[in-house]
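Please look at the sequence and the model shown here.

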Amino acid sequence: MPHAEPWLERAPLLLRDAVNALLPAPARWWVDSFLDIAVLLGVFGLLFAFLTLAERKVLGRIQNRPGPNRAGWGGVLQPFADGIKMLTKEDIVPRLADPILHFAAPVALVAFSLMSFAVIPYGRHLLALDMDSGVLYFFAAGASSELAVFMAGWSGRNKYSLLAAMRALAQLISYELPLLLSFVPVVMISGSLSPSAIVTAQGGWHLGFIPRWNVLTPWGFAGFAIFMVASLAESNRSPFDLPEAESELIAGHLTEYSGFKYALFFMAEYFGMCALGGMAVTLFLGGWQAPCAFLGFIPSYAWFGAKLLALLLGFIWIRATLPRLRIDQLTRFAWKFLVPLALVNLVTVGFWHLSASWSRGFDPLRWAIAIALVVIPFVAMGRRLSAGLGPRTYRFAAQ
Amino acid sequence: MLGTGLIKGLMVTAKNLAGSFHDPERLVTTEYPEQRTVLPQNYRNFPFLVTENAEDPMGTLRCVACQICEKECPPQCIYIEKSKDKKADAAGKMQIYPAVFDIDISVCMSCQICVEVCPFDAIKMDQVFEIATADRFTGLLLDRGQLSKPNSYFHQIHPTDAAEVDGRLAAERKAAAEKAKAAAAAAAAKAAASTASAPSPVKAPPPVSAPPPATAVPAIPPPVSPPPPPSPPPQP
Amino acid sequence: MNAVLAAIALLILASAGIALTLRNIVRSVILLVVTWFGIAAFYLWAGAEFVAFAQVLVYGGAVSMVVLFAVLLVRHGKAGVAETPAPSGRIVSALLAGGAIAGALAGAVALTPLAPAAGPAPFAPVRHIGVLLLNTHAASLLAAGAILTVALLGGVVLAAGGGPEKEDGP
């Protein structure tokens, strides 16, 4: 019922139609596509810029200092000052480097991370590419970025960056598995690989006010947690930021990069973070659906943006809190904890799917079994993982 | 259970995030150009020359161009040329004064040795730290006009030291004046009593200033003397 | 549409051809990955979205990493990664082997009677593929999974069960 929709909901469509109306008919298809791309680039480029500022501000506040506040009003122009600084820096290419791959690595990384924005539904009518297997496309684009990491490490002809690239690849491959396994339950429940269909499947409310988001089910919560941990690792965020651990490695596979190419890697990192956050919102947090029925007057893209910003703030919060893992802890955590939990979660969602036809009276039993299927393996495996690591005693420090 | 520690840590950081907004006491940084911390009295950076009178800085420099500091300076950043004539110092005594007194503060290492060796309390450590210039060769080479600062400024930045120095100088001057008076009286008495021997000139500073040259002089030859003969190459 | 197909074919063949001629094995691997991406583009052109993305995910993401790890971790006789030119005997045998395979493939393609497509190609949504895989062909999927798992376990056993590694210099 498009006629009943509020004006704000349709505003982007109206804007696009207005632009289209100015153009001759044969150009419209192209302009449509280019408009999508331009809007995505503009919105996420600005989001990237202000995300760096927000990150520095929030980190500063958490560490009890004001953060950057010089450029512009309270520091809002800081990202642009950084951009100018990065653009004017010298771009050093090592003499023995492979010049083509050295150039191609950051470009490929940014390109792949931008590609993943195409399939995320940002609003009821805001979806650049409605693909039947959009989720698969998203993760295929994410997996391709591993190649760019390898190219960056290898092309500098520096054994340290090559070693660091191999470490980064080991991390990316290890966490690819829980990332992929954690969204399988969503696909199983909604019966589709299309992001828009997954969001639609999460519409509606239990009892009129509890949203039917996937995260509010036992398997959905477990899947969301695994997905978030794995996406922290996939986007090289703290506490999994060992690929470019600036304090102990010299930026890892980015050692031989300088100037704007170096900035491109960070751009790709933030784009990856935004894309994975957007996918988490789509898969688990109900996408653009409003949390309550009476809040439906707020346009859907605002809900999506709010949820995405909340997740990004969570990323920053975690970065401010947790220290970095060691590489062995990192891989052990992936293979011995996240992957088994994700596999158990498949069993949980299978049970949830099969028990959907139980009568209403059995609902508490259904929930209890599903919660037990999530909690018991978590506690048991967590005990095994942290066995022998007990509470640390400080012999020489003041208690 | 696994994860409780993480949640505890997240709570701590969240508390800090919220606290930093409503409790300015938490903020540990100062916003430097606008907001300045009070420097501790013992903070020192580069030397300056003390003058007695702010109106006539060149005329009332305490420095008598004895060049002890120049010779003692480890990085050799002080350059002094003595004057040919003499001028009256603050106590009214005729003294040589520095015609040129340069300190290259790009070389100075703030060791304070010049201050410690100065027998006249004429050079003291400053607290100015905003010395950045665009020209590192001439901008950081300070001449005596830039170096001289009044005693009142010294009182302002190092009150304890300055009070102690002023007290000592006053006592010395008083003692010198008394001694001179006594010597004059004795000479007058002697002259009056009989045809006396030649009166000794007043020597207030020498007892203080005599030892430093004695120690400083041997310090000069090493740089001037030829390098020691090369030692035989070490046998493996 | 045919121009797009020609471009894709050119990309696949060119990257594969250059990969064969390069002396630097790492560059060859990266061009091989480009070839795989080209094949994915071909699937996309043919309308097989699911297969295309699976191709990128599996070949571009996973298999390429396996190949790269293998290339970099296998000991080299010489210090560098660039190989010396092969003797002519090896070139001849490589041409013979490659020619034989190419001939066999070309013969198979030429001899297969290709029925002209009747009407538009059927659209296969992912849901149908999933149903087919998990209902009709579930047994073969499970068998493939079991074989891959056994291969993985075998790889782990081979890699881990070597005892203390002997230091044999190059």
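What follows describes a predicted model, taking its interfaces in turn and then a sheet.

## Chain A with chain B

The contact between these two chains draws 19 residues from chain A and 19 residues from chain B. About 1600 Å² is buried between chain A and chain B, with 67% of that area on carbon and sulfur atoms. On the chain A side, the residues that lose the most area to chain B are A:Arg61, A:Asn64 and A:Trp317, which together account for 39% of what that side buries.

Between chain A and chain B there are 2 salt bridges. One of the salt bridges joins the side chains of A:Arg70 and B:Glu34, with an N to O distance of 3.0 Å. Polar contacts between chain A and chain B come to 9 residue pairs, both residues being at pLDDT 80 or more. Three helices of chain A, H2 (28-62), H10 (300-321) and H12 (363-385), each contribute at least two residues to the side that touches chain B. By residue class, that side of chain A has 11 nonpolar, 5 polar and 3 charged residues.

## Chain A with chain C

Here 26 residues of chain A touch 23 residues of chain C. The buried area is about 2100 Å², and carbon and sulfur atoms give 79% of it.

The count of salt bridges between chain A and chain C is 1. A:Asp98 and C:Arg27 form a salt bridge, their closest N and O atoms lying 2.6 Å apart. On the chain A side, two or more residues come from each of helix H4 (99-115), helix H5 (134-155) and helix H6 (159-190). H5(A) supplies the largest share of the side that touches chain C, at 11 residues. The residues on this side of chain A divide into 19 nonpolar, 3 polar and 4 charged.

## A sheet in chain B

Chain B has an open sheet of 3 strands in the order S4-S1-S6, with mixed pairing. Strands S4 (123-125) and S6 (148-150) of chain B are the edges; each has a single partner strand, so one side of each has no neighbour in the sheet. From one strand to the next, the twist averages 50°.

Strand S1 (residues 47-51) of chain B runs antiparallel to S4(B), and 3 bridges join the two. Within this pairing, B:Leu49 has B:Ile123 of S4(B) as its bridge partner.

Definitions and conventions. Residues are numbered from 1 along each chain as its sequence is written. Chains are lettered from A and ligands numbered from 1 in the order in which they are written. This is a predicted model: local features need pLDDT of at least 70, side-chain atom pairs count only at pLDDT 80 or more; totals for chains, interfaces and linings use all residues. Side-chain values use heavy atoms; hydrogens and water are left out. Two strands pair if DSSP finds at least two bridges between them. Helices (H or I, at least four residues) and strands (E, at least two) are DSSP runs, numbered from the N terminus. Axes are lines fitted to C-alpha atoms, for helices over the stretch in contact, and angles run from 0 to 180 degrees between N-to-C directions. Contact means heavy atoms within 4.5 Å. Buried area is the accessible area (1.4 Å probe) that two parts lose on being put together, summed over both. A salt bridge is a side-chain nitrogen of Lys or Arg within 4 Å of a carboxyl oxygen of Asp or Glu. A polar contact is a pair of N or O atoms within 3.5 Å; within protein, one must be able to donate a hydrogen and the other to accept it, and residues adjacent in sequence count only if both atoms are side-chain atoms. Ala, Val, Leu, Ile, Met, Phe, Trp, Tyr, Cys and Pro count as nonpolar, Asp, Glu, Lys and Arg as charged, and the others, Gly among them, as polar.
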